[in-house]
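This briefing looks at selected side chains and how they are placed.

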Amino acid sequence: QVQLVESGGGLVQTGGSLRLSCAASGNFFGIGLMAWYRQAPGNEREFVAAITSGGTTDYENSLQGRFKISRDNAKNATYLEGISLEPADTAVYFCNAQIRQIAKSSYAAYWGQGTQVTVSS
C-alpha cells in the first residue's frame, strides 16, 4: 500500500516561516512529479509548487519568492519551505505525487492526508 504522509504544519505568526515534509512509503517502482497544493476554508484546492525527479521546479506565480520546494529522491520525500507567511497562507497543505507501483506500467496520483498551517495575525 502506497502512502504519502505530511508533517510540519502548525501555528505560525505573521511574518514567520514553515517547513513541511512529505514522504512516500510502501512498495513502488518510482516517483515522478511531486507537488504541494493547499486548500483554505471555503476555497478550492490550489496549486503551490511542483518538482520533477530531476529537480526542475514550478510555482504558482503569486507564491514564487516566498515558497520553495525541494526533494530528496533517496528518501522519497519532498519539502515545502515558506517565508514571510501571511494569514492568507492559512490552509490545509496537501502533498501529491505521481507514483508507479510495482508491476504497473503507468504512474498514478497519490495524495497525502494534509497538514494544517495556521498563520495568526
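In this predicted model, the charged end of Arg 19 is placed over the ring of Tyr 79, 4.4 Å from the ring centre. Arg 100 lies over the face of Phe 29, with 4.4 Å to the ring centre.

**Aromatic pairs**
- The whole structure holds 3 aromatic pairs.
- One of them joins Tyr 37 and Phe 47 edge-to-face, at 5.6 Å centre to centre and 75° between the planes.
- Tyr 37 belongs to strand β4 (residues 30-39) and Phe 47 to strand β5 (residues 46-51), so this pair ties together parts 10 residues apart in sequence.
- Tyr 37 is partly exposed, at 23% relative accessible area, and Phe 47 also counts as partly exposed, at 23%.
- Tyr 37, Phe 47, Phe 94 and Trp 111 are linked into a cluster by ring pairs.

**Arg 66**
- Arg 66 is in the loop between β6 (57-59) and β7 (67-72).
- Its relative accessible area is 17%, under the 20% cut-off, so Arg 66 is classed as buried.
- The side chains of Arg 66 and Asp 89 make a polar contact of 2.8 Å.
- Beyond its neighbours within four places in sequence, Arg 66 contacts residues including Glu 81, Ile 83, Leu 85 and Asp 89.

**Thr 78**
- Thr 78 sits in strand β8 (residues 77-82) and is buried, with a relative accessible area of 0%.
- A polar atom of the Thr 78 side chain lies 2.8 Å from the backbone oxygen of Ser 70.
- Leaving out residues up to four places away in sequence, Thr 78 touches several residues, among them Cys 22, Trp 36, Ile 69 and Cys 95.

Terms used. Residues numbered from 1 in each chain as written. Predicted model: local features only at pLDDT ≥ 70, side-chain atom pairs only at ≥ 80, totals over all residues. Heavy atoms only, no water. Helix = DSSP H or I, 4+ residues; strand = E, 2+ residues; numbered from the N terminus. Buried < 20%, exposed > 50% of the residue type's maximum accessible area, 1.4 Å probe, protein only. Polar contact = N/O pair within 3.5 Å; in protein donor to acceptor, adjacent residues only side chain to side chain. Contact = heavy atoms within 4.5 Å. Phe/Tyr/Trp six-rings, centres within 6.5 Å; stacked < 30°, edge-to-face > 60°. Lys NZ or Arg CZ within 6 Å of the ring centre and 35° of its normal.
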